[in-house]
There are 2 protein chains.
Amino acid sequence: MVRPTRKKQIPNLQEAIKKTAWKQIAEHGAPALSLRAIARELNITAPAIYNYFPDRDALVTELIIDAFTSFGDSQLEARDSVATEDLTGRFKAIGIAYRKWAHGYPQRYQLIFGTPIPGYEPPVEKVFPSSARSIMALFSVVESFRAAGKLTANTYPSVKKEYQAHFDLWRSQIGEVHPVSHFVAMLIWARVHGIVSLEIQGNLPPFGTSGDDLYLYELDSIARQFIKD
Amino acid sequence: MVRPTRKKQIPNLQEAIKKTAWKQIAEHGAPALSLRAIARELNITAPAIYNYFPDRDALVTELIIDAFTSFGDSQLEARDSVATEDLTGRFKAIGIAYRKWAHGYPQRYQLIFGTPIPGYEPPVEKVFPSSARSIMALFSVVESFRAAGKLTANTYPSVKKEYQAHFDLWRSQIGEVHPVSHFVAMLIWARVHGIVSLEIQGNLPPFGTSGDDLYLYELDSIARQFIKD
DNA sequence: GAATTAAATATACGCTGTATATTTACAGTG
DNA sequence: CACTGTAAATATACAGCGTATATTTAATTC
């Protein structure tokens with residue numbers, strides 16, 4: 001039997017492949033992702049996957065886009081769960097949601113912000129929209145602070161010529177964001193990412209302090225440094 | 001010929017293997033590390049490596065320890081290049097050195113702080129001494145600030161019971177460090193790591209700002225938040 | 001009903017880490 | 001100097017991987 005009859009086939013195999021991939025990533029981590037293992041679990045042969053994804057990297061790219069979308073959903077949801085006027089509340093909400101999502105889906109976090117797949121390099125142009133959207137929540141809140149005159153920072157380094165194109169791309173995707181907001185949002189992102197990535201990789205607990213306390217302290221530090229009350 | 005005469009053998013093969021491994025990591029990145037490729041380059045067979053390292057992970061562990069040692073050297077050197085009394089100068093020096101080392105050896109940085117080797121989990125007990133030493137420079141400077149009454153932070157979250165053993169281990173390795181210094185040093189480390197890791201992974205340039213400016217701004221933010229002048 | 005297309009299998013290649021058995025250079029001892 | 005034991009290498013093999021190619025057949029279309 002070279003090809004099973006439609007009745008015995010898995011409907012929507014493309015989705016089934018991605019679903020199985022996520023399952024295996026959750027169970028054994030992203031580096032263990034294997035097309036052959038996916039095929040085994042789905043009772044198909046490995047090359048069959050090539051009908052749906054040109055190669056392994058294409059599958060990984062899809063997974064990354066899905067992860068960014070899930071992450072972005074949680075960020076936007078957190079932001080919009082707080083009244084528009086309560087900017088500080090919105091900031092804290094997305095801050096908490098950031099870490100919560102990372103802890104809920106550590107492998108997805110690694111997939112997005114780490115480099116856990118051996119030879120894989122994400123194609124920026126494909127991943128960009130979903131990644132830009134996911135960080136949009138933070139950018140928009142910072143921009144709201146600035147528009148309301150509540151941002152303490154007013155100086156910022158100029159955009160480097162060689163990055164200007166990227167910068168413009170960002171602005172086109174995210175909407176009008178003042179450079180100072182852009183700069184502050186990046187700084188905040190780096191701080192939040194610093195703690196969370198150390199936590200996720202298991203480098204924080206050895207230091208004796210729970211990530212909870214450290215993280216809340218840091219969110220507070222950020223608010224006190226950048227927000228006028 | 002099953003075994004070449006001593007004259008044709010490579011002297012100190014253990015070191016030669018590590019050296020070749022570093023060369024390949026520098027050229028093709030850590031994920032591409034392959035025992036067979038190392039063996040090819042050394043004109044030996046792959047199983048010969050097993051006379052010097054029980055398996056691939058043992059080799060990787062050695063490389064990680066070497067990387068931590070190199071990193072620690074650069075940190076301690078930076079600290080000691082500034083007079084003991086000039087605490088702020090020492091802080092900036094190790095801050096600058098941190099990023100400089102990371103940019104000089106991005107693959108080593110990834111090897112230490114990322115997870116670029118597929119199935120590899122570092123054995124904490126083996127890596128701990130060199131890793132603790134490498135971060136000791138920062139801890140010691142923060143502790144000096146505290147001892148001199150120049151640390152602004154005075155509250156800190158208590159150490160969680162489940163992490164107490166790790167915390168004690170750290171103190172035994174690093175020397176007497178007040179919990180508040182411990183806490184502040186961790187926060188600083190997380191901030192510095194946040195920017196640098198985003199940079200190294202190429203997630204920063206798309207935002208339009210050079211890492212230089214962002215990093216210096218952050219070092220300044222840290223100093224202003226935690227150091228009384 | 002025939003031709004076309006799409007989706008699967010079958011097979012194969014070169015790569016990986018590594019387990020096992022075998023060979024041989026060398027060191028130590030009588 | 002001959003013998004023996006050990007250590008360090010090779011040879012071989014196995015199971016896994018991604019993926020290229022050719023083949024087969026179910027389903028669709030004219």
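**Figure 1. Salt bridges between chain A and chain B.** In this predicted model, two salt bridges cross the interface of chain A and chain B, a salt bridge being a side-chain nitrogen of Lys or Arg within 4 Å of a carboxyl oxygen of Asp or Glu. One salt bridge joins the side chains of A:R191 and B:E218, with 2.7 Å from N to O. Side chains of opposite charge can pair when their charged atoms come close. As a guide to all the views, residues are numbered from 1 along each chain as its sequence is written, while chains are lettered from A in the order in which they are written. Because the model is predicted, local features need pLDDT of at least 70 and side-chain atom pairs count only at pLDDT 80 or more, whereas totals for chains, interfaces and linings use all residues; side-chain values use heavy atoms, with hydrogens and water left out.

**Figure 2. The side of chain A that touches chain B.** Here we look at the helices α5 (106-113), α6 (124-147), α7 (164-174), α8 (179-200) and α9 (211-226) of chain A, each of which supplies at least two residues to the side that touches chain B. Helices here are DSSP runs (H or I, at least four residues), and strands are runs of E with at least two, numbered from the N terminus. With twelve residues, α8(A) gives the most to this side of chain A. The contact takes 48 residues from chain A and 47 residues from chain B, where contact means heavy atoms within 4.5 Å. Between them the chains bury about 4,300 Å², 66% of it on carbon and sulfur atoms; this is the accessible area (1.4 Å probe) that the two parts lose on being put together, summed over both.

**Figure 3. The axis that relates the two copies.**

Figure 4. Over all chains the structure holds 18 aromatic pairs, meaning rings of Phe, Tyr and Trp (its six-membered ring) with centres within 6.5 Å; planes under 30 degrees apart count as stacked, over 60 as edge-to-face and the rest as tilted. The pair of A:F68 and A:F113 is edge-to-face, because the ring centres are 6.0 Å apart and the planes stand at 85°. Since A:F68 lies in helix α3 (residues 56-80) and A:F113 in helix α5 of chain A, the pair ties together parts that are 45 residues apart in sequence.

Figure 5. A:D220 and A:R224 form a salt bridge, their closest N and O atoms being 3.2 Å apart. Both residues lie in helix α9 of chain A, four residues apart, about one turn of the helix.
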